[in-house]
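Hello,

Here is the structure I promised to pass on. Please open it first, then read my notes below.

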Amino acid sequence: MPAKLIGNGYGKSEVRLVTVRRGPDVHELKDVTVAIRLEGDFASAYTDGDNSQVLPTDTMKNTVYALAADHPVQDIEDFGLLLSDHFLRASPPAASARITLTEHLWDRLDPHCFRRAGGEKRTAMVTRTRDHVEVTAGIEDLVVMKTSKSAFEGFPRDRYTTLPETSDRLLASSVSATWKYARPDLPFGERWTEVRRRLLDAFLAHDSRSVQETEYAMGEAALETPDVEEIHLVMPNIHHIPVDLTRFGLENRNEVFVATSDPYGLIEVTLSRAGS
């Protein structure tokens with residue numbers, strides 16, 4: 001039977017970009033990975049080998065560097081807006097352009113020296129059509145732990161349940177969050193910083209009866225940030241199991257644990273502003 005093309009898209013991924021803006025006294029460093037994806041009327045390239053409408057992905061890569069040279073990369077959301085606008089103009093068959101950006105964060109040590117800030121990353125995605133643009137932002141690998149105010153009790157039990165109830169456990173996670181902005185003309189850096197602060201403050205303050213409850217409290221706090229309409233949180237439960245010290249004639253006073261990487265619980269929630 002003949003095949004029917006029902007969807008297509010193409011682009012360039014893992015475009016690595018590092019920029020240094022050399023001010024008279026202070027250097028500004030940005031370290032970003034960019035991905036570009038176009039969707040639209042490219043069917044003839046697939047069905048007939050006709051490349052006349054296909055903007056080369058190598059051109060996409062070069063465009064990232066050229067636009068970064070002409071436009072200082074400050075907030076990655078703004079750079080994504082610039083790229084998405086350019087690629088829709090450069091590719092008439094494209095119906096939409098999606099730009100995904102991951103910023104690898106560095107801490108400043110002095111005006112010209114930096115230290116990589118662990119594994120935490122700032123993310124953004126700009127999706128632009130001919131008549132609409134949507135900006136989402138996020139954070140990945142925000143590793144947190146609390147050693148008090150964390151419990152897990154009252155869950156159902158059956159013959160396969162071995163997990164003991166506890167009113168005092170370690171709660172650790174590597175938080176990933178993505179949120180949607182109400183409009184594309186915002187001070188994105190300020191908003192991102194505020195969401196991150198609210199997430200951490202809620203994690204710190206919350207008296208947790210479960211990861212689910214804490215995750216909800218964090219999302220609820222993040223939605224208090226102006227112009228944030230919706231947020232999605234993913235929190236793997238990084239388990240820390242108390243070590244059985246009775247084999248050595250010792251008591252574990254809830255102080256010695258083994259950290260496990262897998263298997264792990266994976267907790268997700270999506271929240272929007274009430275009434276939206």
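**The largest pocket**

The largest pocket is lined by 22 residues, and those nearest its centre are Leu163, Thr166, Arg169, His239 and Ile241. Some terms first. On a 1 Å grid over the protein atoms alone, a pocket is an open set of points where a 1.4 Å probe fits, with protein on both sides within 12 Å along at least five of seven lines; a lining residue has an atom within 4 Å of a point. Rolling a probe the size of a water molecule over the atoms shows where empty space is left.

Please keep in mind that this is a predicted model: local features need pLDDT of at least 70, side-chain atom pairs count only at pLDDT 80 or more, and totals for chains, interfaces and linings use all residues. Residues are numbered from 1 along each chain as its sequence is written, and side-chain values use heavy atoms, with hydrogens and water left out.

The volume of the largest pocket is about 560 Å³. A volume here is the space filled by probe spheres set on the grid points, which are joined across faces, edges and corners. Helix H5 (211-222), strand E8 (240-242) and strand E10 (265-272) each supply at least two lining residues. Helices (H or I, at least four residues) and strands (E, at least two) are DSSP runs, numbered from the N terminus. E8 gives the most, with 3 residues. By type, the lining has 10 nonpolar, 9 polar and 3 charged residues. Nonpolar covers Ala, Val, Leu, Ile, Met, Phe, Trp, Tyr, Cys and Pro; charged covers Asp, Glu, Lys and Arg; the others, Gly among them, are polar.

**The second largest pocket**

This one has a volume of about 280 Å³. Its lining has 15 residues, with Glu28, Leu29, Lys30, Glu103 and Arg108 nearest the centre. Strand E2 (27-40) and strand E3 (94-110) each supply at least two of the lining residues. E3 has the largest share, 6 residues. The lining divides into 6 nonpolar, 2 polar and 7 charged residues.

Helix H4 runs over residues 188-205. Its 18 residues reach 26 Å from first C-alpha to last, close to the 26 Å expected at 1.5 Å a residue. The expected span is 1.5 Å times one less than the number of residues. Several H4 residues are buried, including Phe188, Trp192, Val195, Leu199 and Phe203. Buried means under 20% relative accessible area, exposed over 50%, and partly exposed in between (1.4 Å probe, protein chains only). An α-helix has 3.6 residues a turn, so residues three or four places apart point the same way.

Asp201 also lies in H4. Because its relative accessible area is 38%, Asp201 is partly exposed.

Ala221 is one of the buried residues of H5. H5 has 12 residues and reaches 16 Å from its first C-alpha to its last, close to the 16 Å expected. Which elements do the buried residues of H5 pack against? They pack against strand E6, H4, strand E7 (228-237) and E10.

**Single residues to look up**

- Ser174 is found in strand E6 (residues 171-181). Ser174 counts as buried because its relative accessibility is 16%. Leaving aside neighbours within four places in sequence, its contacts (heavy atoms within 4.5 Å) are Asp141, Leu142, Val143, Val234, Pro236 and Ile238.
- Asp141 is in strand E5 (residues 133-146). Its phi is near 60 degrees, a positive value in a residue other than glycine. Asp141 is partly exposed, with a relative accessible area of 29%.
- Glu14 lies in strand E1 (residues 10-22). Its phi is positive too, near 55 degrees. Glu14 counts as exposed, at 62% relative accessibility.
- Pro263 sits in the loop between strand E9 (257-259) and E10. The peptide bond from Asp262 to Pro263 is cis, with omega near -10 degrees.

**The whole chain**

The protein chain has 5 helices and 10 strands. Of its 276 residues, 39% count as buried. The C-alpha atoms fill a box of roughly 75 × 65 × 45 Å, taken along the principal axes.

Best wishes
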